[in-house]
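The sequence and structure come first.

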Amino acid sequence: MNDTTLRVATDVGGTFTDLVAFETGADGQLKITTAKSDTTPPNYEAGVLKVLEKGGIDPEAVDFMAHGTTVVINALTERKGVPVGLITTEGFRDILEIARGNRPDFFNLHYVKPAPFVPRHLRTEVPGRMTYLGKERHPLDLSGLPAILDMFRAEGVQAVAICLLHGYANPAHEKAVLGEVAKLWPEVSVVASHQITREWREYERTNTTVLSAFVQPVAARYLSQLDEGLKSRGLQKSPYIMQSNCGIDSLAATSKIPITMVESGPASGFWGAAELGKLINEPNILALDIGGTTAKCSLIEGGEVKIMTDYWIERSRKSAGYPIMVPVVDLVEIGNGGGSIARVDDFGKLHVGPQSAGALPGPAAYGKGGTQATTTDANLWLGRINRDYFCGGSVEADMTAAENALSVLAAKLDVTVDDAARGIVRIANDNMVNALKLVSLNRGHDTRDFTLLAFGGGGSMHAVALAQELQMNKVIVPAAASVFSAWGMMMSDLRRDYFATQLMDLTEGAGARIEDTFAQTEAEARATFEAEGVASEKISFLRYGKFRYQNQEHTTEVPLTGDITDASLDKIAQEFHAIYEKEYTYRLDAPVEMVGIHLVARAEVGKLTMAPADLGPADASGAIKATRKVDYALEGVHEASIYDGDALKPGMAFTGPAIIEDSGSTVVIHPGNQVSVDAYSNIHIALEG
């Protein structure tokens, strides 16, 4: 009898595909396996199968598998979806063109809005009208639908998006169109807005539906090929798919609405940070994920990750971007990572990012033809990265190319090569500090009340410097930090977020209406889960309300507990005032109104339970493999002890300056930092002072 349990998570990134496997034996001992392999576009499933093979994982032995992927965001940004036809309410075909007036480059008289994903000749109308209250004003007329579909076929349309006016309030007309399209053209991919979101805002809802239709055939094909490839090698159950809301969902459900996994990679990392925080009694965390191209950060308070639906892709100082109204972890992303290129502008000012050298040619030190200095080249030159153990020893660092690239910048700045490298590291750190401030100080949070948890290939290299700048007291680098996003999937529940617009004043009778809306939505969620074989007793709910001062534009979310009654409305209003004031620094003497509900439905379907190891002796001298001079930029050059990360065991402790190296990451320990290894093999760094 085999009592071993094997849980596996894979994460497809832009450059690498990561794997984390947890094998629990009959004796309760946990074996952790990690692996990386190259991502293989456009056949991403090949990279997943390859990393399983590289990690020595037999799919037939896997009891539970979770999977995250960049397929959706890549298809959107690279415009590799399919031709889409839009069906909307008569008079509203140009809503994608009109968009919003809040252009970012406001004083640019030549500003051009981003082009809609659907050209005008493929945007069609049907008569019929719902009011914002969900009542039918004009009956739906589908007599012209056959001609619309004939035109779509002739134009090569492969996916149909349906978004009718006020479909969030009453989807009856959308359901009728959806049914008729399925009847007249059963082989076409089709999605309606009510299947994705029940929130108002017509432009955002329409664009979300269009983008979901755009990627649906691509994502469905990928997930199908992945499922077939895994099952042909013996996997018993389809993998669960990581969602942007920090939960996982079934492969079948995700295939129908793949837009929900648009940010599945970052979401899993931040969820992992929250779950790890609960495990080690660190509920307030600033989570930082630094990869090769970008740095992402999110704030976790009280162990909870904030989820939002005001998400945009391709938004910048010069472009409005495109809204996607699906639940996504609240994060800030900047173009600063290991491959970020340093340059000197016409005024002699040094910049780092957002342009990246990518994986090819990559940093100059990769020896693949790169000639521009990057953050990685600077870290190598300063001794922060081991030139003799570059990329875990898999790449021989081309220090001549790195020196040449840095010398070009040094000449332009009229400084030494060492000073140019220090400048790159300091500016990269400043960029990341500003991103961390956006999710913390700018929203009324004191960073001294939080612990910085850093992961990704580059997170631990910059974490201490960032924490010092923000006056934080502690940094934690999780075990297997370079593949932490995959680890986060193993800690995720089956999760779906339900939103419903319900505009009302907090007056007599509102309590019963709010409670009824939650009850109906909970019944819908429970029925959906139970239809997929999830036992009722495993399902739990979290309630949130979206509130605003009367007639304001946007809302603030408030957690709700217990049954909602008229007696609880005053308490809810006071909580709204407090949350609003914390984020915006003031409150108004104005009526509060509810705009809608947010219901989180969760169920455990294989979540990993971690057991602590016994703490051993504190002496870590046996893990020292060398010493070398390391330039800490602000603290000068120090002789640092170099520790083998794989040799550090729970209970060990030491003091910086030091460097911890393993095959996937480098942890830079500054002078005076107190380091300890906890019972889960995470590295805790207490900052001096």
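## The sheet and selected salt bridges

I642 has I659, a residue of β32, as its bridge partner. These positions belong to a predicted model, in which local features need pLDDT of at least 70 and side-chain atom pairs count only at pLDDT 80 or more, while totals for chains, interfaces and linings use all residues. Residues are numbered from 1 along each chain as its sequence is written, and side-chain values use heavy atoms, with hydrogens and water left out.

Strand β30 (residues 637-644) and strand β32 (residues 658-661) run parallel and are joined by four bridges. Strands are DSSP runs of E with at least two residues, helices are runs of H or I with at least four, and both are numbered from the N terminus; two strands pair if DSSP finds at least two bridges between them.

The open sheet consists of four strands in the order β29-β30-β32-β33, with mixed pairing. Because β29 (624-631) and β33 (666-669) stand at the edges with a single partner strand each, one side of each lacks a neighbour in the sheet. On average, neighbouring strands of this sheet are turned by 25° against each other, direction ignored. Such axes are lines fitted to C-alpha atoms (for helices, over the stretch in contact), and angles run from 0 to 180 degrees between N-to-C directions.

Side chains of opposite charge can pair when their charged atoms come close. The whole structure contains 33 salt bridges, each defined as a side-chain nitrogen of Lys or Arg within 4 Å of a carboxyl oxygen of Asp or Glu. The table lists some of them.

| Salt bridge | N to O distance |
|---|---|
| D94 and R120 | 2.8 Å |
| R448 and D446 | 2.9 Å |
| E532 and R496 | 2.8 Å |

D94 is partly exposed at 23% relative accessibility, as is R120 at 42%; here buried means under 20% relative accessible area, exposed over 50%, and partly exposed in between (1.4 Å probe, protein chains only).

For the second pair, R448 is partly exposed at 47%, and D446 is partly exposed at 27%.

E532 is partly exposed at 40% relative accessibility, whereas R496 is buried at 9%.

Salt bridges with shared partners also join D94, E97, R120 and R123 into one network.
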